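Hi everyone, thanks for coming.

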Amino acid sequence: MEHDDPAIRAVAALDEPSRRGMYAYIRDARRPVTRDEAAASVGISRKLAAFHLDKLVEAGVLRTSSAPGGRIGRAPKAYEPSDMDIRVSIPERQHDVLAGILVDAVLTEGSGERASDAAVRVAHAHGQTVGAEERARTRPGRLGTERALTLAAGLLARHGFEPARVTPACLRLRNCPFHPLAAKAPELVCAINHAFLSGILAGLNTTAVRAILEPRAGECCVELRPG
């Protein structure tokens with residue numbers, strides 16, 4: 001079964017022991033590795049190694065290059081790790097988004113501005129950028145409540161919020177992508193989350209829907225309702 005998520009494809013490709021062993025060997029080598037070297041590292045034939053290595057390339061885990069020292073025009077194919085950052089979390093987490101907000105808050109914190117206020121300000125700006133990019137991509141026109149909730153649901157699903165339309169006029173977010181950090185500093189993280197989602201709505205250019213703080217155990221602290 002093919003997966004749309006690159007991280008899941010990568011993990012599935014690495015589930016085979018020989019592939020996993022060759023991948024570990026190639027990472028440890030810190031240089032391009034030939035098929036012969038990869039095959040020898042796990043004790044399989046060159047032909048079988050080629051099959052598994054190509055599967056890892058297809059999954060984005062490895063990339064190919066030319067091994068140094070080969071004859072002109074006949075340099076053997078070599079393999080090295082790609083830049084893919086393999087992370088799979090169920091339910092989905094977005095700690096990189098939160099980290100980016102906090103870093104930008106530190107870098108742009110104004111004189112006399114509290115750190116928490118800077119984080120909320122930056123979170124709103126980040127959300128507004130996300131919303132504006134989605135609006136530019138979809139070109140939805142004027143957004144009433146129905147279309148705004150539908151558009152927001154699709155966008156938030158891709159960001160791991162697991163939106164659920166519990167009523168025609170209410171969108172609950174079943175997952176907090178910032179958990180478990182939200183459990184450590186709930187007031188700060190919920191304020192950042194609320195600002196981020198409010199920013200998304202601003203970027204979508206809709207006043208028909210607003211983000212409301214409505215904490216519930218095991219879910220996101222925000223839901224979307226008519227404005």
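**The core and the sheet**

So, keeping in mind that this is a predicted model, let's begin with the largest nonpolar core, which has 38 residues. Leu-156, Leu-197, Ile-200 and Leu-224 are the ones with the most contacts inside it. Who contributes? Two or more residues come from each of α5 (95–108), α6 (115–138), α7 (145–158), β5, α9, β6 and β7. Of these, α9 gives the most, with 8 residues.

Let's zoom in on Leu-197. Leaving aside residues up to four places away in sequence, Leu-197 touches Leu-156, Phe-161, Leu-173, Ala-211, Cys-220 and Val-222. There is also a second, separate core, made of 17 residues, and Ala-10, Leu-56, Ala-59 and Val-61 are among them.

Now for the sheet. Picture 4 strands in an open sheet, ordered β4-β5-β7-β6, with antiparallel pairing. Which strands stand at the edges? They are β4 (163–167) and β6 (209–213); each has a single partner strand, so one side of each is left without a neighbour in the sheet. From one strand to the next, the twist averages 30 degrees.

Let's stay with β6 for a moment. Its pairing with strand β7 (residues 222–226) is antiparallel and runs over 5 bridges. One detail to find on your screens: Ala-211 has Leu-224 in β7 as its bridge partner. You've met both already: Leu-224 is among the residues with the most contacts in the largest core, and Ala-211 is touched by Leu-197.

Finally, helix α9 (residues 186–203) lies across β5 (170–173), β6 and β7, and runs at about 175 degrees to β6.

Thanks, and I'm happy to go back to any of the views.

How values were computed:
Residues are numbered from 1 along each chain as its sequence is written. This is a predicted model: local features need pLDDT of at least 70, side-chain atom pairs count only at pLDDT 80 or more; totals for chains, interfaces and linings use all residues. Side-chain values use heavy atoms; hydrogens and water are left out. Two strands pair if DSSP finds at least two bridges between them. Axes are lines fitted to C-alpha atoms, for helices over the stretch in contact, and angles run from 0 to 180 degrees between N-to-C directions. Contact means heavy atoms within 4.5 Å. A nonpolar core is a set of buried Ala, Val, Leu, Ile, Met, Phe, Trp, Tyr and Cys residues joined through side-chain atoms within 4.5 Å. Buried means under 20% relative accessible area, exposed over 50%, partly exposed in between (1.4 Å probe, protein chains only).
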